[in-house]
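Dear colleague,

Please find below the structure for your review. My notes on it follow directly after.

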Amino acid sequence: MLAYLTLLLVCQLIGEVIARLAGLPVPGPVLGMVILFAGLLLNGGLPDGLEKVGGALLEHLSLLFVPAGVGVMTHLSLVRAEWVPITAALLASTVITIAVTALVMRGIERLGAGAGAGDER
Amino acid sequence: MSDLQDIWVYLAASPLLGLTVTLLAYQGGLWLYERSRRHPLLNPVLLAVLALVALLHLTGTDYRTYFEGAQFVHFLLGPATVALAIPLYRQIHALRRSLAAVLVAIVCGSLTAAASAVGIAWALGASREVLLSLAPKSVTSPIAMGIAEQLGGVPSLTAVFVILTGITGAVLGTWTLNALRVRDWRARGLAVGVAAHGIGTARALQVNEVAGAFAGLAMGLNGVATAVLLPLAAQAVLYLAR
């Protein structure tokens, strides 16, 4: 367990270093995720211990954004002042994004349906 | 009475209190969520944040003092983001089968999410701070906060927008997809995962297993796609506006 927790931190650390050194516009942990993904592909399997550690972290993923969410208290006046554009943007944008993504996916799958990848399933 | 005062002064200065109330508030939120049979509006994060903001206000505690304890939870966002490679890897076979459609749909969704949110808020007169914080709102929060920081937005504001977006997607997703008559579970899951990250994925998993798997996949890939595309798009917009 400890070894795999260390592995996650090492991936994150390498990600941070690469992002800084190369001046990449990607957060370090995201690069760490790509590195781990590449490592899993090379390894050709998912070690049990990693699945356990990752599962423990991801099971309560939503807890991890509570402290940052509480930070809204430092922006209450901003949110109060701009609640109309914020509410409109969140509601409309979410519905539009769901529609666009689903329709594009369906459109391309239908194009490829002749080649064998059907709509069933 | 002065003893109590002493204890309070001691506790308020140590990180133990901030950490403990965070865990208590979240578990309280989780309990209510389960009791309501997972009603999307009773999202545990939303409940915990509301309870903690109220508590800090009542006790006159500032955010920085609270964060000294809460930072131990906050820190885990980094390794948790790295761990998102695990569900991504589990979906590798499903991914290989419809790779082209999945990638194109995610890139379109990623750009649509940012452009529509920023466009609508800009048209209604939102400030630059709010616009930059809104742009990554469809991405899972550890990545979204990193992107917001990079763009010059406010990460904590983004975290709140991310949660509200997730709840919106979980509530309106089924309705939107039914109205469009999208019946393919892969497309339905993908759409909810792109638009509403982990909260949408949790919802999709309850409805259908294939939808849940594709939602999780979309959440991870959309995080990467947006982290790469959004800063580039922002630079392009700033360049053109000059």
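B:L190 is in contact (C-beta atoms, placed from the backbone, within 7 Å) with A:T101, A:M105, B:V102, B:A105, B:F214, B:A215 and B:A218, leaving aside its neighbours within four places in sequence. This is a predicted model, in which local features need pLDDT of at least 70 and side-chain atom pairs count only at pLDDT 80 or more, while totals for chains, interfaces and linings use all residues. Residues are numbered from 1 along each chain as its sequence is written, and chains are lettered from A and ligands numbered from 1 in the order in which they are written.

B:L190 and B:A85 have the most contacts inside the largest nonpolar core, which has 113 residues. Such a core is a set of buried Ala, Val, Leu, Ile, Met, Phe, Trp, Tyr and Cys residues joined through C-beta atoms within 7 Å; buried means 20 or more other C-beta atoms within 10 Å of the residue's own, exposed 12 or fewer, and partly exposed in between, with C-beta atoms placed from the backbone. Helix α13 (residues 209-241) of chain B contributes the most to this core, with 13 residues. Helices are DSSP runs of H or I, at least four residues, numbered from the N terminus.

B:R181, with phi near 55 degrees, lies in the loop between α11 (155-179) and α12 (185-207) of chain B and is exposed, with 7 other C-beta atoms within 10 Å. B:H197, with phi of about 35 degrees, is found in helix α12 of chain B and is buried, with 30 other C-beta atoms within 10 Å.

Yours sincerely

Methods. Helices (H or I, at least four residues) and strands (E, at least two) are DSSP runs, numbered from the N terminus. Two residues are in contact if their C-beta atoms, placed from the backbone, lie within 7 Å.
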